[in-house]
Amino acid sequence: MRVTVIGSGYVGLVTGACLSDLGFKVVCLDKDEEKIRALQEGDVPIYEPGLKELLSRNRADGRIRFTNDACEAVEHGDILFIAVGTPPAEDGSADLGHVLSVAATIGRHLKGFKLVVNKSTVPVGTADKVRAAISHELVHRGMSPDLFDVVSNPEFLKEGAAIDDFMRPDRIVVGVDEGLHHARSRRMMGDLYASFNRHHARTVWMDVRSAELTKYAANAMLAARISFMNEMANLADVLGADVDHIRRGIGADSRIGHSFLYAGCGYGGSCFPKDTQALVNTAKAYGHSMAVVSATEVVNERQKTILVDRLTQHMGQDLTGRKIAVWGLAFKPNTDDMREAPSRVVIRQLLLRGAHVCAFDPVAGSLALEALRLDMSQESHLLERFELAASDMQALEGADALMVLTEWKNFHNPDFEAMKALMRKPFILDGRNLYNPEALSELGMAYQGVGRRNDLAQLMDFGVPAGASTVPESMNA
Ligand SMILES: NC(=O)c1ccc[n+]([C@@H]2O[C@H](COP(=O)([O-])OP(=O)(O)OC[C@H]3O[C@@H](n4cnc5c(N)ncnc54)[C@H](O)[C@@H]3O)[C@@H](O)[C@H]2O)c1
């Protein structure tokens, strides 16, 4: 069986690389010519641990190649994966423009039977739209509209651990509908994933609509756990409890489990924010409300500014003359993905209040700068006070505070004495609860985690820097 993957982003490249490593002959298609050229030359346009090695090995062995030629790509695969983006439209619904344009392309080039597998995250009913778009083109070409089937195979990989997630999945969800091609489609999907089902059956078979909804249900549940813990953390702060004890106390309950119970400065990324929004939107279109999911979003938006609120509690609204160091820009560690990263909101808020921001991220620096330029296209002058540091320690030089926004491993055990010596004021606002409040207090460093029983009264006096007013000019704009 040969495989074509349409869309060579995070999901498409990981799918293509892993399936080629399992022995399938894979062609990856993308409409972005520069991306394909880079891939053909052995460059990988995204940062994902292990991906470059996997691609280069399988490319050298002739099992994977990259193209912009849709005709060649559709011709190649018995199975055609759709793995293009489904960004949020203005009303929060999933924009299906890329998916349906791929469907039309398939319809224009299809000659014999193909199994179309939708891996993009799409609202319930999208498979029907994909079917209609392909059939429309086939009829236009005077061909049978039954030359294909569409199944749903949502992706659950996590950026930063994507190869491992794909190669060792907890489960594989496959939605196949009853109909003319049911037996054939099910057999093909069974053969494709046979390697993962050898030890025990990991594929969960269902109908297409249920598979489409399963993906949203999973992301909404995970996002809700994070927002729930963030609310607990904020309450713990007020009550003088420690959310980290609470996390361990409830995580040990086998009905709850330990995953996704970390409080912090909010979730981001290309999935949770847009998928919760799209789910709320789908429900609305059918006259339903999703109260839990909507509350999850509201809590998350509020959580993104919690560190800035803490900072201004101590330093006042005007941060003119303050230098704030930021560690971590990507929405999570081991990726350079800046989509919906909380750092974008935090940095803009700091700049609006007049602060100078010096940030370090092990891989996301240049993409972060691009993202901030986009966010602040109407207020680009603010970015004059933003700079990227070459190292974590360099970012700290003369800083009045450090904000930790991404839990990269490099930040887990820093040299606190050296940090103290570099900073003007040794104050850490830990948005990922990496550090031990007691240990830092013994070192004479002021520390604020999220829900970590911080004694706010014991913080140092930050004074007022020269040139500061009560409300910075940029906030009046
Ligand atoms: N990134 C994740 O962690 C993740 C995890 C699970 C599911 N998903 C879902 O998978 C889908 C893809 O996400 P992603 O992060 O890989 O997106 P991405 O933006 O990284 O990649 C999408 C790629 O599709 C290409 N593309 C768009 N239209 C095309 C067309 N008509 N023909 C050929 N190529 C085209 C783009 O150029 C881009 O390279 C989305 O629906 C997303 O929600 C993503």
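Student: Which helices each supply at least two residues of the shell around the ligand?
Tutor: The model is predicted, so to speak of local features requires pLDDT of at least 70, side-chain atom pairs count only at pLDDT 80 or more, and totals for chains, interfaces and linings use all residues. Residues are numbered from 1 along each chain as its sequence is written, and side-chain values use heavy atoms, with hydrogens and water left out. Helices (H or I, at least four residues) and strands (E, at least two) are DSSP runs, numbered from the N terminus. At least two shell residues each come from helix H1 (10-21) and helix H5 (97-109).

Student: Which helix gives the largest share of that shell?
Tutor: The shell draws at least three residues from each of domain 1 (2-205) and domain 2 (216-301), with bounds from an automatic or database domain assignment. The largest share is 3 residues, and its source is H5.

Student: Which residues are closest to the ligand?
Tutor: A residue is near a molecule or strand if one of its heavy atoms lies within 4 Å of it. The ligand is surrounded by 27 residues. By class, 8 are nonpolar, 10 polar and 9 charged (nonpolar: Ala, Val, Leu, Ile, Met, Phe, Trp, Tyr, Cys and Pro; charged: Asp, Glu, Lys and Arg; polar: the others, Gly among them). The closest are Asp-30, Lys-35, Thr-86, Glu-159 and Lys-274.

Student: How much of the ligand's accessible area does the protein cover?
Tutor: A polar contact is a pair of N or O atoms within 3.5 Å; within protein, one must be able to donate a hydrogen and the other to accept it, and residues adjacent in sequence count only if both atoms are side-chain atoms. A polar side-chain atom of Glu-159 lies 2.7 Å from a ligand nitrogen, while ligand oxygen atoms lie 2.6 Å from one of Lys-274 and 3.0 Å from one of Arg-339. Accessible areas come from the Shrake-Rupley method with a 1.4 Å probe, and for residues only the protein chains shown count as cover. Of the 840 Å² that the ligand has on its own, the protein covers 89%.

Student: Which exposed residues sit on the face of H8 turned away from its buried side?
Tutor: Buried means under 20% relative accessible area, exposed over 50%, and partly exposed in between (1.4 Å probe, protein chains only). In H8 (residues 182-192), His-182, Ser-185, Met-188, Met-189 and Leu-192 are buried. They lie on the same side of H8 because they cover an arc of only 140 degrees around the axis, taken from the directions from the helix axis to the C-beta atoms. The face turned away carries Ala-183 and Arg-187.

Student: Which residue follows H13?
Tutor: Helix H13 (residues 306-315) has 8 of its 10 residues buried, so it is largely enclosed by the rest of the structure. Among the buried ones are Arg-310 and His-314. With a positive phi near 90 degrees, the residue that follows is Gly-316.

Student: Is Glu-340 buried, partly exposed or exposed?
Tutor: Most residues other than glycine have a negative phi. Glu-340 has a positive phi, near 55 degrees, and lies in the loop between strand E9 (323-327) and helix H14 (342-352). Its relative accessibility is 39%, so Glu-340 counts as partly exposed.

Student: Is Asn-433 buried or exposed?
Tutor: Asn-433, which is not a glycine, has a positive phi of about 50 degrees. It is found in the loop between strand E13 (427-430) and helix H18 (437-442). At 16% relative accessibility, Asn-433 counts as buried.
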